[in-house]
Amino acid sequence: MDFNMKKLASDAGVFFSRAVQFTEEKLGQAEKTELDAHFESLLAKADCTKNWTEKILHQTEVLLQPNPSVRVEEFLYEKLDRKVPSRVTNGELLAQYMVEAANDFGPGTPYGKTLLKVGETQKRLGGAERDFMHSASINFLNPLRNFLEGDWRTITKERRILENRRLDLDACKARLKKAKAAEAKASCEGDAVPDFQETRPRNYILSASASALWSDEVEKAEHELRVAQTEFDRQAELTRLLLEGISSTHVNHLRCLHQFVESQATYYAQGYQYMLDLQKQLGSSKGEIFPGTFVGNAESTSPPPATTSPTTVAATIPVVATVGRAPNPATAVEGALNLNDVKPPASGTRKARVLYDYEAADSSELALLADEMITVYSLPGMDPDWLIGERGNQKGKVPVTYLELLS
């Protein structure tokens, strides 16, 4: 108990000494040991990394789970070290509603059949979303969290210890400076020749005693300063090594970012392919549901060539024509057009880059090659999903979804 009381008193003295030194530095009454420029640069880089990592982590969580109450619930489960309950995605829930509605309306009816097909696709989309969220959480969010909850906490702890070591060092410097000043003053007073005719040459004796006392105090202060300097240098080196590890953290986060982008590209490519498949299924049954109503070319909604990689598909998804569009009377007008007699308007022509190869269905259409440049324009009464394209002396209708219109 006696030992603990002494330690408590010692710790209180150290805390008081640091508080005094910190206050005097803030008031400009004490000198402060400054760190070198390289060390300050490492500190700034570490703080910048921590701040942006927190923001990116939070916004990625919002992207993956927009519902704030669900995010809070998942956070509590993680802190309590309990398994997060499995939840259906919005797409899976929509699929469930569509299937139940189809069963009520009659799965053999046109509406019921369509609901079943769309519901199945929504279920597949929900599964792809679940896979993406799982992959992003493991490959991207967890490394960011591990940095903030692991490495950064260690860095913060060592920086706090370094700051305490600096305050101790500066306090020792201040004590040594005061002790030397007092020793010099006592020495000057002791050098004065005493008047031994006085009945009480007491001041001289006290001055000599004070000089010896301050000399001992200077030696003690110098020893404490050497110890404080050694501890400060050791802690500064340890902290510097931890801060230099931030560069390795950037490399690790860069690798995780690539994995996040790959999983996101795969997710969007899957969703695009699922919707194209659904559109083809619905397009093939349009004539059965609405006989004689739909006129046009089904190939305009066909997917890009299979040689295109999923990542490229996800990066250059064209705008797909809406399924179930009401019949456009302009299609009949287009069929009656003699393309040889069509003249481009005086204004309104544009350049367009072809995104995918396109094989003309008949003589009224223009075959396209990927990456070629053509001139396009629209005619009054044309289907908005089609344009007139020109390449040299060749002319014909081209689907908008295969083009990138340029200014």
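Modeller: Buried means under 20% relative accessible area. This is a predicted model, so that cut-off is applied to predicted coordinates.

Biologist: Fine. Is Ala 182 buried or exposed, then?

Modeller: Ala 182 has a relative accessible area of 18%, so Ala 182 counts as buried.

Biologist: Which helix is Ala 182 in?

Modeller: Ala 182 belongs to helix H5.

Biologist: And how far apart are the C-alpha atoms of Ala 182 and Ser 215?

Modeller: Their C-alpha atoms are separated by 9.1 Å, and along the chain the two are 33 residues apart.

Biologist: Switching to cores. How many residues does the largest nonpolar core have?

Modeller: The largest nonpolar core has 34 residues. Phe 132, Phe 140 and Leu 243 have the most contacts inside it.

Biologist: Which helices supply at least two residues of this core?

Modeller: H2, H5, H6 (202-244) and H7 each do. H5 gives the most, with 16 residues.

Biologist: What is Phe 132 in contact with, leaving aside neighbours within four places in sequence?

Modeller: Phe 132 is in contact with Leu 64, Phe 260, Ser 263, Gln 264 and Tyr 267.

Biologist: What about a second core?

Modeller: A second, separate core has 18 residues, among them Ala 352, Tyr 356, Tyr 377 and Tyr 402.

Biologist: Last topic, cysteines. How many disulfides does the count come to?

Modeller: The count comes to zero disulfides.

Biologist: And Cys 256, buried or exposed?

Modeller: Cys 256 is at 5% relative accessibility, so Cys 256 counts as buried.

Biologist: Why does Cys 48 count as partly exposed?

Modeller: Because Cys 48 is at 41% relative accessibility, and partly exposed lies between the 20% cut-off for buried and the 50% cut-off for exposed.

Technical notes:
Residues numbered from 1 in each chain as written. Predicted model: local features only at pLDDT ≥ 70, side-chain atom pairs only at ≥ 80, totals over all residues. Heavy atoms only, no water. Core = buried A, V, L, I, M, F, W, Y, C linked by side-chain atoms within 4.5 Å. Buried < 20%, exposed > 50% of the residue type's maximum accessible area, 1.4 Å probe, protein only. Helix = DSSP H or I, 4+ residues; strand = E, 2+ residues; numbered from the N terminus. Contact = heavy atoms within 4.5 Å. Disulfide = S-S within 2.5 Å.
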